[in-house]
Amino acid sequence: MSLININIKKYYNNFGLTCDFSISNGITGIFGPSGSGKSTLLNALAGFIKPDLGQISIQSQSFFDSNKKINIPPDKRNIGYVTQKANLFPSMSVDENINYGYKKQNKIKLNRIIDIMNLNNLMEKLPGEISGGQSQKVAIARALASNPSVILMDEPLSELDLNSKLMILDYLKKIHIEYKIPIIYVSHDIAEMIAICDNVFLINRGSITKNISPTELIYENSNESDFQNIYSVVLDNEKNLKLNNQTIQINEPVENNHLTIMIPSSSVMVANIENNFLLSDNVFDGILKNIVEFDSHIKLVCDVGFEIIADISKEYYQKSNMKLNDKICVIFKSISVVISKS
Amino acid sequence: MVIESLILTLEIAIIATFINIPISFLCAVIATRSNNETAKFLIDIIVSLPLVLPPVVLGYFLLITFSPSGLIGGMLDALGFEIVFTKFAAVLACALVSFPLMSRAFIISIQSVNKDLEKIARSLGSSNINTFFTITIRESKFGISGGILLGFARALGEFGATIIFAGNIEGVSRTIPLAIFQSIQTGDDQNLTLLILCSVILGILSVSINNILIQRSKKNK
Amino acid sequence: MIKTRFTLIILTLAIVTVLLTLSSFFSKEDKKVFIFAAVSLTEPLEEIKDIFYQQNNISIILNFGGSQTLAAQISRGASPDIFIPAGMSPYKFIKEKDIKIYSDNVLISNKLIFVSNQSINNWENLNVEELLTSAKINRIAIADPELAPAGQYSFQVLDNMKLLTKIEDKIIKTKNVRDAVNYMRLGLAEGVFAYNTDFNDYQQNFNKKLISEELYNKVQYPLIILNNSKDINEFLYFLNGSIAKDIFIKYGFSNP
């Protein structure tokens, strides 16, 4: 069942947005280069831009209809909006920020949000006194507290450092599990998209071109060299993490039960030998599922019980004589696993 | 004479400032939030003209408008109100001359508020008007109070429009600048020194408070 | 919470503004006799105002300004009861503008003097011509005749003495007679043409010389009545009486 139906046209002097697609529950990614119309689309959904033609409806409620002359103002649309910068209200404390859109009659409970997002010790602080990652966390909690029927996120992680990115991804998953609020997630970072989205729409020059699964994104961006494999994992014991049925070893002990980890594709090694006698922390057997050639290097998509992407050089690729569906083994050091800290 | 004109100056400047606050707000809202280009253009003229015209010219405009033979003055006269050469005339003169300083400061500080904050407030269910008061005004409060102070300081020093429109009447319109003029004209050196001292102290005070406000606004950002 | 506090502040401000504004409207009720007068009359008129109030309990509102400015204000709708300019030309000006005048007479007169801040030997016995051409006096401040009657009288004197071309280079024109006096006090000029009444207050000792009254038209202060009421008549009676005349003379004015 589709939740959000969008069919709009918006013309500018040198740019036009033409979108006709439907979004269902879950986290939907919208991926495209800058200037492709991602932000314009979100602004139209939230009601800050009035399309020239078309309809927007969410959960069968019409927000915009050029034929029926319907244009619901942003404050009546009940859509959460999280921007690139946290944009907390500078003169209000974290508490006041979160309470800004909160209404008592809403079924969503403020205390629960504060607990999930782990905000208890930040409540009295002013936005100037907390870090970028913490600010973005507050911004998400603030959007959540207004009990939105959908949350729009416009590159919410692009301004953050790696550790904060992992932390926020972690929280996004938690709230998605807890509240099941559909999220429309706009970004141009493939790793983020693969890590969080259920489903991705490609947008280019103002039009939706394709609807793909997140891992297919790897074929879409030819210049991507640095890629992060991002996973949600469960703690097994202090230095071992469970991902699907596999165990990943890490370098330092952690306490959180659920956490997000990141393995850079450049730290992952692939060998077309079929044994696991190699002495390394993390060695997994699996199958080579895909080979993507780039100008500078080659990306290998491997299935070892979880999907992992590795970067290898062209020389090594030719020497190793690897082919699709070959049995391979994947190796990475425990020290190269980056762990989110909240 | 000095104390009396000091109190009168403060009284007139305060009332003029209070009159200017809502009008400046209205102008700032139209200038920063209206989509109507004509309205913006008109506001631009309204907030610029009193700045570039000599105060004497402004006083003259007020005189011919509010005198019993003038357009507005005639109507007020019929109702039994006389404005020219009253304290209210002094207030109007001060208000008109200080208006551009206040409204321009309002416009600048409201323009400098991050528009994304307003968008987010709207998405959180806050109406247009509520957003303006709870976000826009609140986030520009130091700029706005600076503008109020600037307008007030200008009203304290107003001379040209006042002497034309409200005259130079002790206890009615003889504010410190007019009393200084009077003392120079009559050679009253003793009062002149005191009056100039008052003027300088008031000036230093307003500049210092303004600086404190600017520093606080920086700290907040 | 924030909203209510904000509304409260705005509301209080609005109420205060309205009240203060209204109070200023009512203050008009106190006005009894409204007078426009030349700035040079400030001291005697304020003294007269106080005595008159004590005796008759009628308050006088005095508005002082340059005579020509006051005349222009009257022509643009200002309506004082009495107008006392310095000199006759502002009177002519309002007459031409068809302002209704009830009556007029000359209230007092003033004398022109030459004053210097230089110590010149034998000042007492030298005449004005000798003083003006003295080597010690290089700059003479005179009110601009286009702007102030005092300047017209001063140039009349120079004209009649046939000195204008001789000392032309020494003359500095100022906006009004008081500015001319201040030029000399500040050392920007060594001599000044002024009214006898312009030197009442100064502590410094300047050398003064009265100028023969045959050299210029009489400096007269007309009393122009623009309105009619019992209070006005009461004040006019007082103004022409001996108490008022004595006060004017105390400040250096002369009878008409």
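**Ground rules**

I am working with a predicted model, in which local features need pLDDT of at least 70, side-chain atom pairs count only at pLDDT 80 or more, and totals for chains, interfaces and linings use all residues. Residues are numbered from 1 along each chain as its sequence is written, while chains are lettered from A and ligands numbered from 1 in the order in which they are written.

**Entry 1: chain B as a whole**

I started with chain B and looked up its secondary structure, which comes to 11 helices and 0 strands. For the record, helices (H or I, at least four residues) and strands (E, at least two) are DSSP runs, numbered from the N terminus. Written out from the N terminus, the elements read α-α-α-α-α-α-α-α-α-α-α.

I then took the extent along the principal axes: the C-alpha atoms of chain B fill a box of roughly 65 × 45 × 25 Å. Chain B has 221 residues, and 52% of them count as buried. Here a residue is buried if 20 or more other C-beta atoms lie within 10 Å of its own, exposed if 12 or fewer, and partly exposed in between, with C-beta atoms placed from the backbone.

I also looked at sequence separation. Among the contacts in chain B with a separation of 6 or more, 72% join residues 24 or more positions apart. Two residues are in contact if their C-beta atoms, placed from the backbone, lie within 7 Å.

**Entry 2: two helices against helix 5 of chain B**

How do helix 1 and helix 5 of chain B pack? I found an angle of about 40 degrees between helix 1 (residues 2-33) and helix 5 of chain B, with the axes 6 Å apart. The axes are lines fitted to C-alpha atoms, for helices over the stretch in contact, and angles run from 0 to 180 degrees between N-to-C directions. That angle makes helix 1 of chain B oblique to helix 5 of chain B. The classes are: under 35 degrees roughly parallel, over 145 roughly antiparallel, 65 to 115 roughly perpendicular, and the rest oblique.

Helix 1 of chain B passes helix 5 of chain B in a right-handed crossing. A crossing is left-handed if the near helix is turned anticlockwise from the far one by less than a right angle, and right-handed if clockwise. By class, this contact of helix 1 with helix 5 of chain B has 19 nonpolar, 6 polar and 1 charged residues. Ala, Val, Leu, Ile, Met, Phe, Trp, Tyr, Cys and Pro count as nonpolar, Asp, Glu, Lys and Arg as charged, and the others, Gly among them, as polar.

Next I checked helix 3 (residues 55-66) of chain B against helix 5 (residues 87-111) of chain B: the axes come within 10 Å and cross at roughly 135 degrees. That makes helix 3 of chain B oblique to helix 5 of chain B, and the crossing is right-handed. From helix 3 of chain B the contact includes Leu58(B), Leu62(B) and Phe66(B), and from helix 5 of chain B it includes Leu92(B), Leu96(B) and Val97(B). I counted classes here too: 9 nonpolar, 1 polar and no charged residues.

**Entry 3: chain B meets chain A**

I looked up this interface and found 17 residues of chain B in contact with 16 residues of chain A. On the chain B side, helix 6 (115-123) and helix 7 (128-139) are the elements that give two or more residues. Helix 6 of chain B brings the largest share, 7 residues. By class, the chain B side has 5 nonpolar, 6 polar and 6 charged residues.

**Entry 4: domains in chains A and C**

Domain bounds come from an automatic or database domain assignment. For chain A, that gives domain 1 (4-219) and domain 2 (259-339). Their C-alpha centres lie 33 Å apart, and 7 residues of domain 1 of chain A are in contact with 9 residues of domain 2 of chain A. The domain 1 side of that contact in chain A has 5 nonpolar, 1 polar and 1 charged residues.

Chain C is divided into domain 1 (31-110 + 221-250) and domain 2 (112-210). I noted 28 Å between the C-alpha centres of these two domains of chain C. The contact takes 7 residues from domain 1 of chain C and 6 residues from domain 2 of chain C.

**Entry 5: two positive phi values**

Where does Ser60(A) lie? I placed Ser60(A) in the loop between strand 4 (53-58) and strand 5 (61-65) of chain A. Phi of Ser60(A) is near 60 degrees, a positive value in a residue other than glycine. Ser60(A) is exposed, with 9 other C-beta atoms within 10 Å.

Asn57(C) lies in the loop between helix 2 (42-56) and strand 2 (60-65) of chain C. Asn57(C) counts as exposed because it has 8 C-beta neighbours inside 10 Å.
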